[in-house]
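Me: Got a model I'd like to go through with you. Can you take my questions as they come?

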Amino acid sequence: MTQAPVTYARQGEIALICIDNPPVNAIGHPVRAGLVVALDQFAADPAARLGVLYCAGRSFIAGADIREFGAPPRAPFLPDVIAQLEALDKPVLAVLHGTALGGGLELALGAHYRLGLPGVKLGLPETTLGIIPGAGGTQRLPRLTGLHPALEIMTSARQVAADEALALGILDALAPGTDPRAAGLEMGGRLLAQDAGPRRVSAMPAPEIDPEALRNLRASVAARFKGQIAQMTAIDVTVSGAGLPFADGIHLERAAFLRLVDSPQRAALVHAFLAERKVAHLPDLQGVSPRAVEQIGVIGGGRMGSGIAVAALLAGLDVTLLERDTASAAAAQASVAQTLEDSVRRGKLTGDARARILSDQFRTTNDYAALSDCDLVIEAVFEDMDTKRAVFTQLDQHCKPGAVLATNTSYLDIAQIAAVTRRPADVLGLHFFSPAHVMRLLEIVVPEGAAPDAVATGFVLGKRLRKVSVRAGVCDGFIGNRILQACRAAADHIVLMGANPYEVDRAITDFGFPMGPYAVQDLAGLDIGFFTRQRKAATRDPREVVARWGDVLHARGWLGRKTGQGYYLYDGPKPRPNPEVEAIIARERAARRISPRDFAPDEIIARYMAALVNEAARVVGEGIAMRPLDVDVTLLHGYGFPRWRGGPLHWADAQGLPVLLHQISGFAREDAYFWQPAPLLADLAARGTSFASLNDPG
Ligand code: 3H9
C-alpha cells in the first residue's frame, strides 16, 4: 500500500499537517485531495488551536504537478484548497525549506504565517512553463511585497533567497536548523502564547501602482521575452487585479491561467522541462556503475581546452592541462587564470576561491607522464585525424588502466581515433560547445563497442559539470552539427535562389533563434570547417548543390568578426551588411544562370525548418539520437532553438507531420536530391502518429 501523501497528527494544541510526495512534493491531485481532508480534520479538532503545514523530504512544495497539465483539471482545484486554508478561523503556520515554488509558494501565501529554514528559496517560476501563477500568486504576493517586486519575481522567474524573502515580507521569520516539524512546533508554540489569530493576505490592501515604473518594466519584458505570452500576461493580470476586489482578481487570474495552460507555448515549455530531465534516463545504462572521476586531464589549452578546464575546476575537479611546449602551457595557464578572474568580476566566484583553485586544483604540463593518475582525459586539439591519433597514441602509453579517454572532436570518426589505442572500449566523445564553461550542452558520443561504464562515467561527469548531457551515435557532425549542416545548406539554397543572407538571418531571428545562420558563421569564423569542406568536396554526389561564395569570402580573408568583416561589417556599434557579399553572390547566381526571385519570411522559415526537421528525423531514424527528445534538447541547449517552441521535433508534431512532408515534396520538385524525405518522417506521417510517440513508447 502506498503511503497517503498528506497526513494529520496533533501534538498538544498544535496540529501537524505534513505533505510527503517525493521527489519534490509537487501538488498533484492526491495531495490536493489529502489537504482538503487534513484541513477539515484540523477545523473539526477541538483540541487543535494552531496548524503547522510542512513537508517531508528535501524540500517544501516545488509547485503544481507539471505532468497534469494538458489533462482535464480534477477537483479539488488548488485555488479552492488555498481559499479553504486561508478562511480557517484558527491560524496556520507554513514552514518552508528547500525550494518553495509556484503553487507551493501560493499555498504558503494562503497560510497565516510563514517561517523559513536556512537556505530556503522561494519563487513563482510559472512563466518559464508558459503559464502564470494560477492559485492566487498574482494577487497575494503583491499585497505582501508591493507591486514591482512581485512583478519582477514573476517575470524573471528567479528564486528569492531567504534573507531577501524576509526583507520583502514574504517570510515572517527565519529559524535555524534543518527540521521543519521541530521549527514549526517551536514557532507555533510562540504564536499560541501570543494568542495570534489568522492573518489573511487577501484582506491586506491592494498594492499601489507606479505608472512610470510599470511602463519601463513592460518595455524591458517585451524586449527580453520577445515572442512569449506568459510574462506580459502575468503583468496584465497582476496590475488589473490590483484595481479590483480580491475575489475578482482571483477570477481574472484563473481565467488567464486556464487559457495559457491550453496554449502551444505551455505545451512546448513543459515538454522542454521534462525532456531535459528524461535525456539522462538511458535504459541501457540502468544499473551500470560509473567509474570514479576526481582527476581529469585536458589536452590542448586553446579556447575549447581552457573552457573545459575551467568548467571542471569550477565543479571542484582536479585538472592537469597538457600543451605541446612550455610557452603554450604558460599561455593556457594565463587563459584559465583570466577566465576565473572574469568569474570573480561577475560575482560567481570569490577571489580566495580563485586563488585556491589555481594553487591546489590546477597545473599545466607538456609531459604526458603527468597524466598517469588521471581518471579521465579530454582531448581538445586541432580538428585533424592524424593529430588526434597521435595524441591518443600517447594517452594509451601513459594513462592508467581504466582511465576514460575522451575526444572533443565535432565531426571525426571516433572509432578511428580509438583504434590507435589498446583499449578502444574506454574511448568516447565528449563534445563540448564553446565557451565550454558557459554552454550547457554536452554531446556524449558513443562509438560501437564503448564500455557501458565508460559511457555512464561521461554522464556522471556531465552532471557534475552541470551540463545537459545528450547521448549521440557516431556520424559526421553527431546530432547537432549534422542537423546544422542541413540547415545551412537550405539557407544557402534560399540565397542562391534570390534571398539575401540578411533576409534569411532576419526571418530566423524573428522565428526566435538568437542569431541567423550567416551571423553565426561570422561569429564562429568562416575558416571553421573550411578544410573539412574542401576534403569532402572530392566525395560529394554530383547532384548536391553547394554554394561557393563562402570560399571567395575565405580567400579574401573575410573570416567574420575576428577579421572585422564577413557577411557583416563590424566597424561600428552594430554589425551591418557587407555590401560586397551581395555582389559576390550575384556573380555566382549569374554563373549558374539562376534568375533571383523574392522570398517572403514565411517561405524562408518553411524551408529552413523543413530541412532541420527532415535531417533530425534521419538522425533519429538511424539511431544517432536515441529519441526525438534528444534532438530537441540538443537544439535547445547548443543551437539557440527557441525554448518556447519546445525543440524542432516537438514543433514538427505541432505543425502536423503530413503538412511538413507535403512541403518537402513540393520543394523536391526543384531539388530532388536535397529534399529526399527522411524515411522516419514519411513513416510517422503515413501512420498518423508523431515524434512524441517515440519519446514515450510505453
Ligand atoms: C505551478 O505551480 C502552477 C500553479 O501556479 C497553479 C496551479 C493551479 N511537477 O529538476 P530535478 C520532477 S507550475 C512534477 O531533476 P533538482 C522532475 O521531473 C510549477 N514533477 O531536481 C524530476 O523527475 P525525475 C511551478 C516535477 O533538484 C524530479 O522531480 N514550479 C516537478 O535539480 C527531480 O527534479 C516549477 O516550475 C513538478 N512541478 O531541482 C518548478 N518539479 O526524477 C519546477 C520537478 O523523474 N521544478 N519534478 O526525472 C524545478 O525547478 C526543479 O525540479 C527543482 C528541483 C528546483 C524543484
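Me: Where does P435 sit?
Reply: P435 is in the loop between β15 (427-432) and β16 (441-445). Strands here are DSSP E runs of at least two residues and helices are H or I runs of at least four, numbered from the N terminus.

Me: Before I go on, what kind of model is this, and how are residues numbered?
Reply: It's a predicted model, where local features need pLDDT of at least 70, side-chain atom pairs count only at pLDDT 80 or more, and totals for chains, interfaces and linings use all residues. Residues are numbered from 1 along each chain as its sequence is written, and side-chain values use heavy atoms, with hydrogens and water left out.

Me: OK. Is the S434 to P435 peptide bond cis or trans?
Reply: That bond is cis, with omega near -10°. Most peptide bonds are trans. P22 and P23 are also joined by a cis peptide bond, with omega about 5°, and P23 is in the loop between β2 (14-19) and α1 (29-44).

Me: And F478, is its phi positive or negative?
Reply: Positive, near 50°, and F478 isn't a glycine. This residue belongs to the loop between β17 (468-472) and α18 (480-497).

Me: Switching to the ligand. How many residues surround it?
Reply: 27 residues do, and the closest are R58, G103, E106, E126 and R277. Being near means having a heavy atom within 4 Å of it.

Me: Which polar backbone atoms are by its oxygens?
Reply: A backbone N or O atom of A64 is 2.8 Å from a ligand oxygen, and a polar backbone atom of G103 is also 2.8 Å from one. For G134 the distance is 3.1 Å. A polar contact is a pair of N or O atoms within 3.5 Å.

Me: Now helices. How do α9 and α10 cross?
Reply: The axes of α9 (residues 230-242) and α10 (residues 246-261) come within 9 Å and cross at roughly 165°. That makes α9 roughly antiparallel to α10 (angles over 145 degrees count as that).

Me: What meets what there?
Reply: A230, T233, V237, S240 and G241 in α9 meet G249, L252, E253, A256, R259 and L260 in α10, contact being heavy atoms within 4.5 Å. By type, the contact residues are 5 nonpolar, 4 polar and 2 charged, with Gly counted as polar.

Me: And at what angle do α19 and α20 pack?
Reply: About 100°, with the axes of α19 (residues 501-511) and α20 (residues 517-524) 7 Å apart. The two are therefore roughly perpendicular (65 to 115 degrees). P501, V504, D505 and I508 of α19 make the contact with P517, Y518 and A519 of α20.

Terms used: Axes are lines fitted to C-alpha atoms, for helices over the stretch in contact, and angles run from 0 to 180 degrees between N-to-C directions. Angles under 35 degrees count as roughly parallel, over 145 as roughly antiparallel, 65 to 115 as roughly perpendicular and the rest as oblique. A polar contact is a pair of N or O atoms within 3.5 Å; within protein, one must be able to donate a hydrogen and the other to accept it, and residues adjacent in sequence count only if both atoms are side-chain atoms.
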